[in-house]
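Please look at the sequence and the model before reading on.

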Amino acid sequence: MAMLDMFADGDPVVEWQTSLTDKDAKEQEIEVMGVRFLMKQEPQPLDGDETFAGLRTSTIGTGNIVWDGSMSAVKLLEASERTGDPALAKGSLSGKKCLELGSGCAGLGGLACALLGPAKVVVSDVASLTPLLRANVQSFLAAAGDRPGLCKDIEVLDLEWGKEEDMKGAAAVGPFDFVVCNDLLYGVDNIELIGATLEPLLHAASVILFVDSTFSYATEKAIASFVKRRELVSRPISTACLDAKDRHEGIKATVVEW
């Protein structure tokens, strides 16, 4: 397992597990709830490194590759009833509008939602990533064919956190009932920017699923503070229902009711 120095000098070093996907492959076959498709990513080794291990997230675009939180989120949505959480109960996404924030190059969380009968799915990231994201969505839809329950209305949007123009564009498509955020809490300050970005996109009954492979004590405190200030409800979701190959000790999942 590789390790990443997640923060600037003087801040804690946090392990980022890398056991669930190949971070160095430019393309690999990915399975999302029984749909196998060819997913492309763009590893960006720096400073002479030829592999993923040792790269600092402060110097690469984290969205260019698929992180473990996305893979575990797919499996949690697939095993929704076994989690025991009402937000993930069978049929809970039927007819709903779903958003994946910070989808990266593949949007796996959004693609998993698309197989659970929603009315619409939006996957999103910064403008530099959306062309690759769009190509992977098309690859997924081609592989999924006419699978029952599939929502083919999957829209790719530019949505940079805190960027007013992008937020207005997303708000015009929403409000969203269910939001997936995978491996977005790699910095403790991210939760506030995520909250500010999502606020105009949600309604009083929206649900957010956070799945992260970099969860730390500092992140846990940041989420608790965020939830308390906004008077929200949050609860952890156990990953014990997943097969050992689909999780590791670094994976943490949390549901937040808006």
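## A buried turn residue

Met33 is buried, with a relative accessible area of 6%. Here buried means under 20% relative accessible area, exposed means over 50%, and partly exposed covers the values in between, using a 1.4 Å probe and protein chains only. The structure is a predicted model, in which local features need pLDDT of at least 70, side-chain atom pairs count only at pLDDT 80 or more, and totals for chains, interfaces and linings use all residues. Residues are numbered from 1 along each chain as its sequence is written, and side-chain values use heavy atoms, with hydrogens and water left out.

Met33 lies in the loop between β1 (27-32) and β2. Helices (H or I, at least four residues) and strands (E, at least two) are DSSP runs, numbered from the N terminus. Met33 is not a glycine, yet its phi is positive, about 50°. Most residues other than glycine have a negative phi, and most peptide bonds are trans.

## The hairpin of β1 and β2

The strands β1 and β2 pair in the antiparallel sense over six bridges; two strands pair if DSSP finds at least two bridges between them. Two residues lie between the strands of this hairpin, and Met33 takes its positive phi there. Within the pairing, Glu29 stands opposite Leu38 in β2.

## The whole protein

The protein has seven helices and nine strands. Of its 258 residues, 55% are buried. The protein exposes about 11400 Å², and carbon and sulfur atoms supply 50% of that area; accessible areas come from the Shrake-Rupley method with a 1.4 Å probe, and for residues only the protein chains shown count as cover.

Among contacts between residues at least 6 apart in sequence, 69% join residues at least 24 apart. A contact means heavy atoms within 4.5 Å.

## The seven-stranded sheet

Seven strands form an open sheet in the order β5-β4-β3-β6-β7-β9-β8, with mixed pairing. Its edge strands are β5 (154-158) and β8 (233-237), each of which pairs on one side only. On average, neighbouring strands of this sheet are turned by 20° against each other, direction ignored. For such angles, axes are lines fitted to C-alpha atoms, for helices over the stretch in contact, and values run from 0 to 180 degrees between N-to-C directions.

Strands β7 (residues 202-212) and β9 (residues 252-257) pair in the antiparallel sense over six bridges, and Val211 stands opposite Ala253 in β9. Helix α4 packs on the sheet, touching β4 (120-125) and β5, and its direction makes about 175° with that of β5. Helix α5 lies across β3 (97-101), β4, β5 and β6, running at about 160° to β5.

## An aromatic pair

The structure holds one aromatic pair. The ring centres of Phe37 and Phe140 are 5.6 Å apart and the planes are at 80°, so the pair is edge-to-face. Rings of Phe, Tyr and Trp (its six-membered ring) pair if their centres lie within 6.5 Å; planes under 30 degrees apart count as stacked, over 60 as edge-to-face and the rest as tilted.

The pair links distant parts of the chain: Phe37 is in strand β2 (residues 35-40) and Phe140 in helix α4 (residues 130-144), 103 residues apart. Both Phe37 and Phe140 are buried.

## Loops

Asp183 also has a positive phi, near 50°, in a residue other than glycine. Asp183 sits in the loop between β6 and α6 (190-198), and at 4% relative accessibility Asp183 is buried. The peptide bond from Gly174 to Pro175 is cis, with omega near 0°. Pro175 is in the loop between α5 (164-173) and β6 (176-182).

Ser103 is in the loop between β3 and α3 (108-114) and is buried, with a relative accessible area of 6%. Leaving out residues up to four places away in sequence, Ser103 touches Val123, Ser124, Asp125 and Leu133.

## Cysteines

How many disulfides are there? A disulfide is counted as a pair of cysteine sulfur atoms within 2.5 Å, and by this rule the count is zero. Cys151 is in no disulfide: the nearest cysteine sulfur, that of Cys98, is 8.0 Å away. Cys151 is buried at 5% relative accessibility, and Cys181 is buried at 0%.
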